[in-house]
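These are my notebook entries on a structure that I looked up. I begin with the overall dimensions and then turn to selected elements.

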Amino acid sequence: MLLFVFETTTAQVKWPVITQSAKPWTRWWWEGSAVDKSGLTAAMAQYEKAGLGGLEITPIYGIKGKEQQFIPFLTPKWMEMLQFTLQEAKRLNLGIDMATGTGWPFGGPWVTDTDASKYLAFKKYTLVSGEQLEMKIVFLQEPIVRSANSKPLPKDLVLVEPIAANKDLQGLALDQVRFAKPLPLVSLIAYDEKGQFTDITYKVDAQGKLNWTAPYRVSLYALFQGWHGKMVERAAPGGEGLAIDHFSSPAIDHYLGHFDKAFAGSDLTGLRSFFNDSYEVDDARGQANWTPDLFDAFRKKRGYDLRNELPALLTVDSSEKHLRVLYDYRMTISELLLEKFTRPWHQWASAKGKLIRNQSHGSPSNILDLYDAIDIPETEGTDILRFKFATSTANVSGKPLASAEAATWLNEHFQSSLGDVKLAIDKYFVGGVNHIFYHGTNYSPQNEIWPGWLFYAAVHFTPANPFWKDFGALNSYVARCQSFLQLGKSDNDVLLYFPFHDRNSQPGREMLHHFDGMEGFHGSKFEEAGEELLEEGYTFDLISDLQLLKAKAVNGKIQTAGGGQYQTILLADVKYLPLETLDKLIELVKAGAKVVMYENLPQDVPGYFQLASRKAAFKKKLQELSSSKNAFLNNHLSELMKAAAVRQETFKHLQFVRRAYNNGHYYFISNTGKSPITDYIPLSSKAKGAALFDPMLDRKGVAMTKTGSDGKLQVYVTLEPGESCIIQTGVFGGEGFVYTKPVGDATLITGKWNLEFLSGGPTLPASTATHLGSWTTISETFSGTAQYSIRFKKPAGKADAWELNLGAVGESAEVFLNGKRLATLIGPVYKLTIPLLADNELRIVVTNGMANRIIDLDKRGVEWKKFYNTNMPARLPANRGADGLFTAKGWEPKASGLLGPVTLRPVNYIRK
């Protein structure tokens, strides 16, 4: 009886509570860490007022001319600023994360050569029987000095070790430094013609002389340990130094120990999480592909001594043995990154009661496992399949949040509007993200000359940007969406197996492959399957071998460690499958779960150790799997989905994400097509009714629904291109959602508009009466806010209301009618349903972006690019000046203001 009452209780339609984490956060760059308490207080108050929920402190390079204000990273003064920030954040109810370093990757002046990233170098020699090697066994490291600056380094530059001992490190902006010096010998191995090896390292004296006579014809492989030289990119003062060895426990322990010393005696209560930007060690010259304990780790993990197979590892052919030994080497590196860096960092933070947020992508490792080992997986970019690596792990592992570095390099500097950002964020939501971090916001002193302090790869979410006035509208939209997306749990049906072993068994130009979205998988059936699942409305998450090993079959479904239940696991033309994974698949089908295989069955085991016996076992086990009634093979994905009873959402031109809660489902739906959608859309989930929410305009109500011939609930939606909505299924009471339908043609609001410039610069143009169009006809240089106002009479005819269409707007518009504020429209849709009196006053307050004022500065040669390190590179080559930096000098003024036409269209309300 209680269950019956619970299921039939009518719920009221309401928005979830907006929490701190539901609001968007932003990356907060401290340039030069040149912050002060009054500036922090003022800035954080602005951020809170704009609707931000939290800040991630990332110290980076400084501002030229402000050197006296620099605060070296983790010094007592820096810690004082951090403590003050945490106190102010608590007062303002702002969350705080902080990067575990400055810039990226992990590194700094306290990282010694012993703990720094390393590479493997080798030489090969040949001796005949009775011969001694005449030349010394030495390897002189080639010097490298790379800078992130667009200008070449001084020709007379002489660097000394350690790097921290050099002057003007901010100005040099060093990205990689290798010194010319002999490399230490790791091993010297002699191989006879049968492949047997002898370790003769101990026969080499301190000067590199080999005191050994070849007893027969041998090949000698001399391995040397090189210093990779990767530096911290975009380092802040006090953070300049070498990147750590990510495969070494002592390296991460020593690195984090420096933080422990700095944190001693400080109250970090208000700090939520530590952050790590993407791996990005190997975007320098060469790869960091060695660590001193590699041989020992390899032997323990792979079952044989890598020194026995150096010829196979270091050859450049595509032989099977080479690829199998190379695979084993890559797998060892992958596991070391997980075990020696990611997990220890997480344990260190957990001991402090903190979370960690990590961008695992770009690593030479199974990034699903790296994401699995942390608290908040973070993605970036523009590709949904790339997002899936972070968001899938959150779903599979039961993590409540999956974050995104949002709007990085969304467009060229100063070209992105709030509406552009909204579209980018919708894509993240569809990809499963529910915790947005803007990229990003600069701390800038309150009295700094416009445009203030900026970052080189950003949309510039800063109070100096005129769109800050309407930034709160975007933030409210994000908060409303995330208030739903952070509730319940993911409700995806398919586990798409990540063919990590296939990629690691493929040759490459260098020893390691790196993993980031579909890089390395383009044209594969894995990518094809992911794209088809998205396109055809099947919901899925990616899964790794380690994650799969923790899954179990429950009532015919696959339940992962995080509690999520899936209809099936899909293997898309997988070639290599470890025996342990195959055993798990057999276990699952025996317990009633379904395994579906697209195009082909797996063909082989990866790796080299005990290959013959593993191949034999694989063949036998594969036969057992493929003969199961719960295993299916087909070259049509749709047939496999039917076999596994996977639900399909048949939305046309709509993208979505679906989550489950106790009484139903939440759907976030985005119209990514080019045409409006005004129709009933069927839902695959069982439901009796639904509520509809408009997160942009804060509208809600009971949705119009009907039941289709197939028994599925259909919900009526009206979405313009670029619009989005949220559907909540369940049984609801209260007012219906307000739908409208046109009952006549649109009429133009004619006449002259009064145009008054309200705020902005470089100066305020005079007020005027004008027809609609870009205000650049009045001032080409103005960036800011202006008000358009007009009086008009209600058009003839009967209607419940009127659809106000502002036409084209550059870029956001706040609408006032008859003295009442109605809404802020940020685009891409600029329509609003309004009531009308017989006589009406309409005011449209329009704000543009920074572009026109920047154009003016560049044309006049005013220096605003005053930043150390990369100092504002252009995203597009066409916008690169003679100095190699970004310039808007050649741009035409960007259309700004109320461009129109502004029309009114009669509409009637649609009643249930």
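**Entry 1: overall form.** I compared the radius of gyration, taken over C-alpha atoms, with the globule rule of 2.2 Å times the number of residues to the power 0.38. For 912 residues a compact globule would have a radius near 29 Å, and the protein has 31 Å, which agrees. The model is a predicted one, in which local features need pLDDT of at least 70 and side-chain atom pairs count only at pLDDT 80 or more, while totals for chains, interfaces and linings use all residues. Residues are numbered from 1 along each chain as its sequence is written, and side-chain values use heavy atoms, with hydrogens and water left out.

Along the principal axes, the C-alpha atoms fill a box of roughly 110 × 75 × 50 Å. I noted that 60% of the 912 residues count as buried (under 20% relative accessible area; exposed is over 50%, partly exposed in between; 1.4 Å probe, protein chains only). I took contact to mean heavy atoms within 4.5 Å. Of the contacts with a separation of 6 or more, 79% are between residues 24 or more positions apart.

**Entry 2: a sheet.** I found 19 helices and 48 strands in the protein; these are DSSP runs (H or I, at least four residues, for helices; E, at least two, for strands), numbered from the N terminus. Ile189 has Asp199 in β10 as its bridge partner.

**Entry 3: a helix pair.** The axes of helix α6 (residues 294-302) and helix α8 (residues 320-351) come within 10 Å and cross at roughly 105 degrees. Such axes are lines fitted to C-alpha atoms, for helices over the stretch in contact, and angles run from 0 to 180 degrees between N-to-C directions. The two helices, α6 and α8, are therefore roughly perpendicular to each other (65 to 115 degrees; under 35 is roughly parallel, over 145 roughly antiparallel and the rest oblique). Contributors to the contact include Leu294 and Phe298 of α6 and Tyr329 and Leu336 of α8.

**Entry 4: His258.** I located His258 in helix α5 (residues 249-263). His258 is partly exposed, with a relative accessible area of 27%. Residues up to four places away in sequence aside, His258 touches Leu74 and Trp110.

Definitions and conventions:
Pairing = 2+ DSSP bridges.
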